[in-house]
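Here's a protein to walk through together, one piece at a time.

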Amino acid sequence: MTARPDTPRSRRERPAKPALTREAIVAAALAVLRAEGLRKVTMRRLAQELDTGPASLYVYVRNTAELHAAVLDELLGTALPAPAGGSWRERLEEVLTAYTAMLFAYPDLARSALTTRPSGPHYLDLIETLLALLDEGGVPPAQAAWGVDLLLQHATATAAEHTDEASQEDWDALRHAVREAPERTHPHIAGLAGPLLSGPPEARLSWGFRTLIGGIERTAVPE
């Protein structure tokens, strides 16, 4: 008996695709980021993942920059909440270090974060946490408000700087230039070549945070 050919299924019989949402788009973007890097997180790439057209995504996300900001905001949840133990200074530094470590894990995102400003719930939670810790330490409100921006700039720039693999040769050249600087023409560099190049990144990051926090406490904002 001859087998009957498979009857084509009607499109109405196929399972319906899940409804497209902003949350689904961000989740797909995170999956692409972890697997392929931020450069692959594009509207066209996500449209393929979600089995839709790129134009459909623009209903929920205006452009790629907003998409990257939404991805960053989602990942900011890993830097929260603030630890329960320790002084306000220690907890403030731990939150900032967790934020920096998150960026270290995603080099492309660290560089993008220098110009990307998220505005989602996790970003607001991060700002609220930092302000609350500065308030606990008695930092005047205006100084705390300006200080949060300075602290996050330092954390973001540090992560972006140390995740730039393409600049390793440049760093080696800089180290060599500092070590070989002639005392006759550059006496201060020659005398401080060791300290200039000393310290692991985590120690320098911690020192930078503590220096900034101390300065924010003591420096009034201009009227």
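You'll find S112 in helix α6, which covers residues 107-112. Is S112 buried or exposed? Its relative accessibility is 15%, and the cut-off for buried is under 20%, so S112 counts as buried. One thing to keep in mind as we go: what you're looking at is a predicted model.

**Zooming out**

Now for the whole protein. How many helices and strands does it have? There are 12 helices and 0 strands. Read from the N terminus on, the elements go α-α-α-α-α-α-α-α-α-α-α-α. The protein has 223 residues, and 35% of them count as buried. Its accessible surface is about 14200 Å², with 55% of that belonging to carbon and sulfur atoms.

What about contacts between parts of the chain that are separated in sequence? Take the contacts between residues at least 6 apart in sequence: 70% of them join residues at least 24 apart.

**Helices that cross**

| Helix pair | Axes come within | Crossing angle |
|---|---|---|
| α7 (residues 121-136) and α8 (residues 141-162) | 10 Å | roughly 120 degrees |
| α4 (residues 64-76) and α5 (residues 88-104) | 10 Å | roughly 130 degrees |
| α5 and α8 | 9 Å | roughly 35 degrees |

Start with α7 and α8, whose axes cross at roughly 120 degrees. That angle makes α7 oblique to α8. The crossing of α7 past α8 is right-handed. Which residues make the contact? On the α7 side they are Y123, L126, I127, L130, L131 and L134, and on the α8 side they are A144, A145, V148 and L152. Sorted by class, this contact of α7 with α8 has 10 nonpolar residues, no polar ones and no charged ones.

The α4 and α5 pair comes next. With their axes crossing at roughly 130 degrees, α4 and α5 are therefore oblique to each other. Their crossing is right-handed. Here L72, L75 and L76 from α4 meet Y99, M102 and L103 from α5. In the contact of α4 with α5 you'll count 6 nonpolar residues, with no polar and no charged ones.

Helix α5 also meets α8, and α5 passes α8 in a right-handed crossing. From α5, the residues making this contact are L92, L96, Y99, T100, L103 and F104. From α8, they are L151, L152, A155, T156, T158, A159 and H162. How many residues of each class does the contact of α5 with α8 have? There are 9 nonpolar, 4 polar and no charged residues.

L133 has a relative accessibility of 4%, so L133 counts as buried. A132 has a relative accessible area of 40%, so A132 is partly exposed.

What does L133 touch, not counting residues up to four places away in sequence? The list is A82, W88, R91, L92 and V95. L133 and E90 are 43 residues apart along the chain, and their C-alpha atoms are separated by 9.7 Å. For A132 and L92, 40 residues apart along the chain, the C-alpha separation is 9.4 Å.

One last stop is a loop. Most residues other than glycine have a negative phi. D51 is not a glycine, yet its phi is positive, at about 55 degrees. Where is D51? D51 sits in the loop between α2 (43-49) and α3 (54-57). With 51% relative accessibility, D51 counts as exposed, because the cut-off for exposed is over 50%.

Methods:
Residues are numbered from 1 along each chain as its sequence is written. This is a predicted model: local features need pLDDT of at least 70, side-chain atom pairs count only at pLDDT 80 or more; totals for chains, interfaces and linings use all residues. Side-chain values use heavy atoms; hydrogens and water are left out. Axes are lines fitted to C-alpha atoms, for helices over the stretch in contact, and angles run from 0 to 180 degrees between N-to-C directions. Helices (H or I, at least four residues) and strands (E, at least two) are DSSP runs, numbered from the N terminus. Angles under 35 degrees count as roughly parallel, over 145 as roughly antiparallel, 65 to 115 as roughly perpendicular and the rest as oblique. A crossing is left-handed if the near helix is turned anticlockwise from the far one by less than a right angle, and right-handed if clockwise. Contact means heavy atoms within 4.5 Å. Ala, Val, Leu, Ile, Met, Phe, Trp, Tyr, Cys and Pro count as nonpolar, Asp, Glu, Lys and Arg as charged, and the others, Gly among them, as polar. Buried means under 20% relative accessible area, exposed over 50%, partly exposed in between (1.4 Å probe, protein chains only). Accessible areas come from the Shrake-Rupley method with a 1.4 Å probe; for residues, only the protein chains shown count as cover.
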